[in-house]
Amino acid sequence: MGAEEREGARERRANGASALRRGGAGERHPERRRVRLDLPRVPRRTFFPEYDPEAFGRMSEKIARFLGTGRFIVWMTVAIILWIGWNVTVPGHLRFDNYPFIFLTLALSLQASYAAPLILLAQNRQDNRDRVTHEQDRKQNERSIADTEYLTREIAALRLGLGEVATRDWIRSELEDLLRELELRQMIDAESDERDR
């Protein structure tokens, strides 16, 4: 063993790495880098454009909201009337879309082909929000039902406990009974005293 090999082996032992990992001389495998788990991966480059799905979803909702307003219908109607009016009334060399209005049909088809998926995307996002809201409402209702059942049990326990507690009316009736008993005894004692005399 040469001095260089001994130095390399000593270094590998000190670092705790095997020859396969370090890529020593005469080894078949090239040097491999350790993957660090405490660092995020570097994003890979893709050929497709990247976009923020949330921003795209918000934009689609704004478009869908606008497409569902009367303002959009009015503007669309005005644009179509102007389009048709221009292409019918102006001289032939200024017309850009003659009578069958093929370009207008193409523009409306293109608008509809983009509007439908945007509206569906907005509806899907609204469905997701509704699902979360319904789940939260369901959990709140479950908590309310559990609280109501707990309070019902507590009230029942209080009623049972109050059945054994002396109430003001019960004490009054007991005192009145005792008073009558005392009066009756006094009358009996007074009569017996009179007889004894």
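The model is predicted, so I kept to its limits: local features need pLDDT of at least 70, side-chain atom pairs count only at pLDDT 80 or more, and totals for chains, interfaces and linings use all residues. Residues are numbered from 1 along each chain as its sequence is written, and side-chain values use heavy atoms, with hydrogens and water left out.

I placed E61 in helix α3, residues 53-67; helices here are DSSP runs of H or I with at least four residues, numbered from the N terminus. Leaving aside residues up to four places away in sequence, I found E61 touching A122, R125, Q126 and R129, a contact being heavy atoms within 4.5 Å.

I then turned to helix α5, residues 102-163, whose 62 residues reach 89 Å from first C-alpha to last, close to the 92 Å expected at 1.5 Å a residue, that span being 1.5 Å times one less than the number of residues. Within α5, I noted L104, A115, L118, A122 and R125 as buried, and the buried residues of this helix pack against α3 and α4.

Which helix does F66 lie in? I found F66 in helix α3, and I count this residue as partly exposed because its relative accessibility is 36%.

Methods: Helices (H or I, at least four residues) and strands (E, at least two) are DSSP runs, numbered from the N terminus. Buried means under 20% relative accessible area, exposed over 50%, partly exposed in between (1.4 Å probe, protein chains only).
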